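Colleague: I would like to learn how to read a model like this one. Where do we start?

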Amino acid sequence: MIDTTQVHVTVESGAAEHAVADTLHATVTHGAGHGEGNLFTELLHHLQDSHELDTPFGAIHLPEFAPFHVGGVTIDLSITKHVVFLWVAGALLITLAIAAARSNARKPVPHGFGNMMEIVAVFIRDEIAVPNMGTDGIKYMPYLLTTFFFILIMNLLGLVPYGSSATANVSVTAGLAAIAFVMIQWAAIRAQGIGHYFAHLTGGVHWLLWPIMIPIEILGLFTKPFALCIRLFANMSGGHIVIVSLIGLIFIFQSYIIAVAPAGFVVGIMFLELFVAFLQAYIFTMLTSLFMGLGMKTEGHQQHGEHLEAGH
Amino acid sequence: MDPKALGYLAAGLGAAITVIGAGLGIGKLAAAAMEASGRQPEVAGQVRTSMLIAAALIEGATFFALAICIILATK
């Protein structure tokens, strides 16, 4: 699209600008020699979803299905690299969780791997679920544990060789945020009841202000999971972009001796990526439980407010 | 000017200004956290937890702007 616009502009402006724009066009699209155009598009291949899976034995071409249209929306169900890694993370999660549960059920005192998982589970219960949602929050523990470990495993899979993190795909994080949205509303409705939940949407203002208040409140319901989605996506893909760009520096300098410096930087950034993987899984889980707790807690306020306003 | 060049320029400038905002915000946050830990060392753990949470929220907004810059640079 941008190319045709450029052609129109150069036809209207002068001959000199036509020549300049032509050269620029050639450099960017064909990547003359070691041009930036070539390197950038090559590196982008590692960051984006693709229909080929890279293994040490060569690239496996993944099955592609034709996109089909359902009511104006095009759905493409072909299996891509990120889908494969989603499944790998899911299978790993189920295996690890069942192994830990069995190990803890067999012995009276937790031992080994089950002990390690129990430390994390107790941390999530005591630091994330109970402070935000009260003792009622323990019934949401399966969801919080699943969120935390699933996101963590997906993030960590992106750091191993030949791996890629599915959370670097905005569709995956959008799906996780959609589930979080459903859980937040479910927790609020279950704690307050449908009537109180909708009453809370009005925010307790005079009924003349409702046409303004309700759309704003509904919009506010959607911004929080949206921020969750973008935060996780941008953190993961940003880290990968930095790593890939630093390795691209080696290709630009084209020397073995100078390549040591970018390699050192990449090792440092990999450590940061490891920390960010854990941190982002924790932040996602913590913010979801915080929003659920906010929805559950306002029941006390609402009842007091309604008793006061019941005077008129 | 070439629209594509303007796009790249905007992406670079946008990323730079975004990082300035994030750096300032998280710097103020860290300064307040250090001061609070210095005044009352026994709540240092809670202060650290709250600091991490606030830093993640600020970075969330930052990364939103950064995602727009990335989209601008790759299209």
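Modeller: With contacts: two residues are in contact if their C-beta atoms, placed from the backbone, lie within 7 Å. Keep in mind that this is a predicted model.

Colleague: What share of the contacts in chain A between residues at least 6 apart in sequence join residues at least 24 apart?

Modeller: In chain A that share is 61%.

Colleague: Which elements does chain A have, and in what order do they run?

Modeller: There are ten helices and four strands in chain A. Starting at the N terminus, the order is α-α-α-β-β-β-β-α-α-α-α-α-α-α.

Colleague: How do strand 1 and strand 2 of chain A run, and how many bridges join them?

Modeller: Strand 1 (residues 52-55) and strand 2 (residues 58-61) of chain A are antiparallel, with four bridges between them. Within the pair, A:L53 lies opposite A:I60 of strand 2.

Colleague: What is the general rule for side chains in a strand?

Modeller: In a regular strand they alternate between the two faces of the sheet.

Colleague: And burial?

Modeller: A residue counts as buried if 20 or more other C-beta atoms lie within 10 Å of its own. By that count, 25% of the 312 residues of chain A are buried.

Colleague: How many residues of helix 6 of chain A are buried?

Modeller: Twelve of the 17 are, and helix 6 of chain A is mostly covered. Among them are A:L144, A:F148, A:F149, A:I151 and A:N155. Helix 6 (residues 141-157) of chain A reaches 24 Å from first C-alpha to last, close to the 24 Å expected at 1.5 Å a residue.

Conventions: Residues numbered from 1 in each chain as written. Chains lettered and ligands numbered in written order. Predicted model: local features only at pLDDT ≥ 70, side-chain atom pairs only at ≥ 80, totals over all residues. Pairing = 2+ DSSP bridges. Helix = DSSP H or I, 4+ residues; strand = E, 2+ residues; numbered from the N terminus. Expected span 1.5 Å × (residues − 1).
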